[in-house]
Structures are given as structure tokens and as C-alpha cells.
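Please open the model in a viewer and keep the selection panel at hand.

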Amino acid sequence: MSYIEFKNVVKRFGDNTVLDHIDFGIEQGDLVTLLGPSGCGKSTLLRCLSGLEQVSEGKIILNGRDITDVPASKRNIGMVFQQYSLFPNMTVEQNIAFGLKMKKVAPDVIEKKVADAIAMVELTGKERSYPANLSGGQQQRAALARSIVTEPDVLLLDEPLSAIDAKLRRALQSRIREIQQELGLTTIFVTHDQDEAMVMSDVIQLFHAGRIEQAGSPVQVYTNPVSEFAASFIGSYNLLTADEFRALTGDTVDDGHMVAIRPETIAVSAEPLVDDAAYVVEATVVRNVPRGNVLRYTLDASGVEFRVDTLFRSFHLFDDGDRVFVALPKHDCLRIPMEAVGARTAA
Amino acid sequence: MSAHSKSAPRGKKTSLGAKIFLAVVGLYLLVPFAVTFIYSLFVEWTDILPSGFTLRNYIELFSNATFWASIGRTLVLCLVSVVITIALLLLAMYVVVAINRKLGNVMQFVCMIPYALQGVILSIGIISLYTGTGTVLSNRMVMLFGAYTILVLPYIYQGIRNALNAIDAEMLIQAAEMLGCSRFRAYVQVVLPNIVSGILVSSLLAQSIVFGDFVLANNIAGTNYQNIQVFLQANMDKSSGLSSAIVVIIFLVVGAVTALVLKLQSSARKTEKE
């Protein structure tokens, strides 16, 4: 039995089914990310676990206890909201002490725990500051401290980093992960950012249209997408239809399937390549776009466009219109079932 | 010259223009008051300049117990009606914010109705509905306080609603709930302290409206519970100088209450910043 269990959870808003028979478990101490595009139901599931939304069907079990009908205030679950929701009329330390006061903890214990929490999130010196006088990152850390100081059974993070700039976000991702591991706190993190999910998670639950599309470790989900949606949402797979794949490689694919291949697995060279374990084809560079330390080529071979990522090395640059040779490793050409309606690979 | 340096003088120009505009508007609004004040300090004003400086009007007014009683009654009317409205609205808005957000539209509709009611219609409606019912509602004083409670409803509702929206009250209650707090306690301990400024400002507006009302007080209570406007009406025929003095006093009392509320608001903001 898992520490947290969602048993056939359904959530409807009127006629709209937002969660469609969600059924999975979360182990104690894990950081699980609910990943998916906007409107896929990930935040709703988090709110159902928190008690801020009631499920329409199904059960939620926490540490062996059925909490489906338990009010939010009695679940002992901590939550950090997207907008932080710090209380504007209270200082940082008053905000952090609030939950402990609700639990009627002795004042001297509150004082110590608040000081420890402030030190943990590195907000020492900001104890008497009001939320309006804090930066976004500081507010986020104050909200995190407020949620963990009550020693909750589970910590829920609802896109807490979405309003923070990229550099600070990376630093906070690491800090949250460190704190979570230090406390051994079972944590559920909601995000639509696949990079964030890859960096932070023990397990990723990939959501799509109110259902779980795929679950697994970040590496599993990244390297073995089970569907067109998973391949298009995680990473930036080249998705080729059976006709495109045949035109490109001469090989065939089963009916109802397509081929997904990651851009970074494809080798590109000015010289002819010889590799029996790969499909070697000649292509033309359509365009090249630098993306940080990676150079992304869009190539055309036999009328099929696909992308190739290479490390940005100045001695191996190709210009638009150059003829190149590429090798697509056969074992990286994943056959995945097609969706009736599915987004093609996002750039 | 860079675009930035070009924009700087334009900003100063706009600021000066705004100041001039404000000064003109301020002057336009203050002139009638200034003229009334001057008129109340002189025996007659039939030529370009008034003549016969005197404080007689004010001495007469301040030594008149009926005047003080009417000021007191008006303040009681303001205080009671505003406090009742605030209390009722805060309870109703708790239901909207913490229990059923959909009721917000119903609340808005109900609270906007008094905007459409003319004072005469409201007062006659209340009198014809409750007189002779033999209940506590048939008491003229209860009718009067009730009528003012309705009169100020839209103004205080708007103030409270805007303040609640500004702080995202629903989200704050949910955050408090996750920390083990009940919804009602969260509303009282977290939400209300953050909307005090909004409540104060809307109360200020409401008390100005009650202070300036003549129709409701005259129709429902008349001389039984003479407020300052009814007192003014009663003295208008006696002496124009005295009437001017009353208008000046009304203006100063409303101004003093306004200043007090603004001071309270500014102190609250200062404390928040510290």
C-alpha cells in the first residue's frame, strides 16, 4: 500500500470531467511531479488532495486513512500556492507562526521552530518584513517556510516558481529539492515545465486531458514516451508518420503507429557516415538556430523535415543549404501509437 | 538628444499641467464655500464688498441647544446606519467569499437596487409599508435608521467588494485553511484586517451621504428626530446669514470626519510598512 493513494478519483465541474478515474499511488518521501499542459487537471488533483476541492467519485487515502471527506484544515497537508498567498498584514515570522498558533503549539516552541524555518529558507534578517517588501523569490521562500514549519504529512507545491525569473527559479528548484530531501517530506509538485519536472522529481506523472498518460522516473519518461502526446510534451521529439519514416529511411512502421526520435540522438557530419546500427541519409540544412550550448539544425531529407541538436562547437558548423550526412540510430527510433487528435512536435 | 532625455521635460510639463488643472478645479469647488463663509461673517452684502463684520450668526448658533442636538442626531444616524450596514455586509460577503462565490452576483444586484431608488419613493414606500403594522418596524426611529442603512448599502458594498477583490480574499482563506484554520476564523483573522482601509473609505463616503440627506429624515421623522439638514431647512426663512453659518458648520464637520478617517488610514498604512 502506498503512502498516498488516489483510487478512481473523478472530478467534474458541471458536465466537464476534469479528472477521469485517476488511480495511482505515491511512496513516502518521494517528490512526485504532476506534469502537463494548462487545463489537464493536475492542479485540480492537487486541490482534491488538499481538501480545497471535493472529489465527485473515488477515494483519497493518506497513510492508510481515508481523507476523502476530511476538511482541508484537518488534513495536516501543507501547500504553497502559485501566488504564495502570504498574509499581507503579517510579518514573515507572523506568517510562518500562523499555522503553529492554529495548532496551539507553546509560544517558546513556536519561536524556535519559526527561527529554524527562517534559517532553512535563508530569510534571516527578513523576520520583521511584510510580504509587500519582499522580492518574489523571498515571498516564495517565506511561503515554503510557512508550509513546512507545521510538519505536514505531505507538502503540495502548486506551480510555486512560475512567477519567478529563470535564474532564480533554477536556484529555488535546487533549494526546494534539498529541503525536501533533508526533511524526507513527501512532496507533490505541479508544473507545466518539463525541464523543471526533470530536475526535481523522483517520479513524473504526465497528465493529459484529465488522465495520466505516463508515469515513471524522469529518465524513463524522457527516453521511453508511450504515446504521441508524451513524446511531444517531454523533450522535443521528432515525430514522423509511417509515410515520412519510409521516405526518410526506407523502413516500415506498423499501422496506427508513428516514430519518435530525439534530436540529440541523431549524428550529423560533413563526411559520409558508415553505421550499420543507424539509418544513414543525406540531407540539406534548412536552418540553424543556436539555443544556448546547443545548436539546433532543421534538416530536409527526401522532403521530410526533422531536427538535430548538436553541441555548439565552432569547428563543426553548417550553413543553411549545406549538404550533410546524418545517422539516425535504429534503437532510438521509437514506435509509438498515434493519437486520433494529437499535437505534432513542438519546437 | 536621446529619447530618454527628451521625455523628461515632457513629464515635468504634464505634472505642471495637472497641478494647474487641480488648482482650477479646487478653486471652482471652494469658491461657493468661501463666499458662503464670508456671507455668514457680515451683516449685509449688497455691494461689491460685504459690510458690517460680525460673529453674531456663529454665537447664536453655538448657543442654540437645538443646533447641537441636530448635529448629535446626525452623527448618531451616520454611525448607527454605517455600522449596521458594515456588519451585515461583512457577514454576507463571508458567505460569498468562503462558501458560495456564485452568490456574489445576487449580492451585487441586491446592493445596487438602492441606487435606483429616489429618496422620496424610498421614504414613502417605507412609511406606507410599515406604518400601522404594530411591530417594532412601525416605529419611526427604526424606519429612519433602516432607511439610512439601505441608502448607504451600495456605497459600502462597493468599497468592501473592491477591497476583498484587491487582496484575493478567497485565496487567503484557502491558504489559512491549509494551515489548520477554520474558514470563518480565517475571514476574521486574515481577511478583515486587510480590508480595514477599504471599509474606512466607504464608510467616509456613506457618512457624507447621510450627513447631506434631507428627504428621508424630513419625510420619515420630521421634527421628531431633527437632523442637521432638517434644522437647516427650519432656519432658512429666519436668517440667510444664520443659514450660511449652518452650511459652513456642516462643511467643517464633514471635513473633520474625512480628515480623521484619512489620518486613520494613513496610520494603518504606516504601521503596515514598518
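The stops below cover the domains of each chain and then the contact between the chains.

This is a predicted model, in which local features need pLDDT of at least 70 and side-chain atom pairs count only at pLDDT 80 or more, while totals for chains, interfaces and linings use all residues. Residues are numbered from 1 along each chain as its sequence is written, and chains are lettered from A and ligands numbered from 1 in the order in which they are written.

**Chain A**

Select 4-231 of chain A for domain 1, then 238-337 for domain 2; such bounds come from an automatic or database domain assignment. The C-alpha centres of these two domains of chain A are 39 Å apart. Where they meet, domain 1 of chain A supplies 5 residues and domain 2 supplies 6, two residues being in contact if their C-beta atoms, placed from the backbone, lie within 7 Å. On the domain 1 side of chain A, 3 of these residues are nonpolar, 1 is polar and 1 is charged. Here Ala, Val, Leu, Ile, Met, Phe, Trp, Tyr, Cys and Pro count as nonpolar, Asp, Glu, Lys and Arg as charged, and the others, Gly among them, as polar.

**Chain B**

Next, select 3-54 of chain B, which is domain 1, and 65-273, which is domain 2. Their C-alpha centres lie 31 Å apart.

**Between the chains**

Finally, display both chains: 19 residues of chain A and 16 of chain B form the contact. Which elements give two or more residues to the side of chain B that touches chain A? They are α7 (169-177) and α8 (183-194) of chain B, helices being DSSP runs (H or I, at least four residues) numbered from the N terminus. α7(B) gives the most, with 5 residues.
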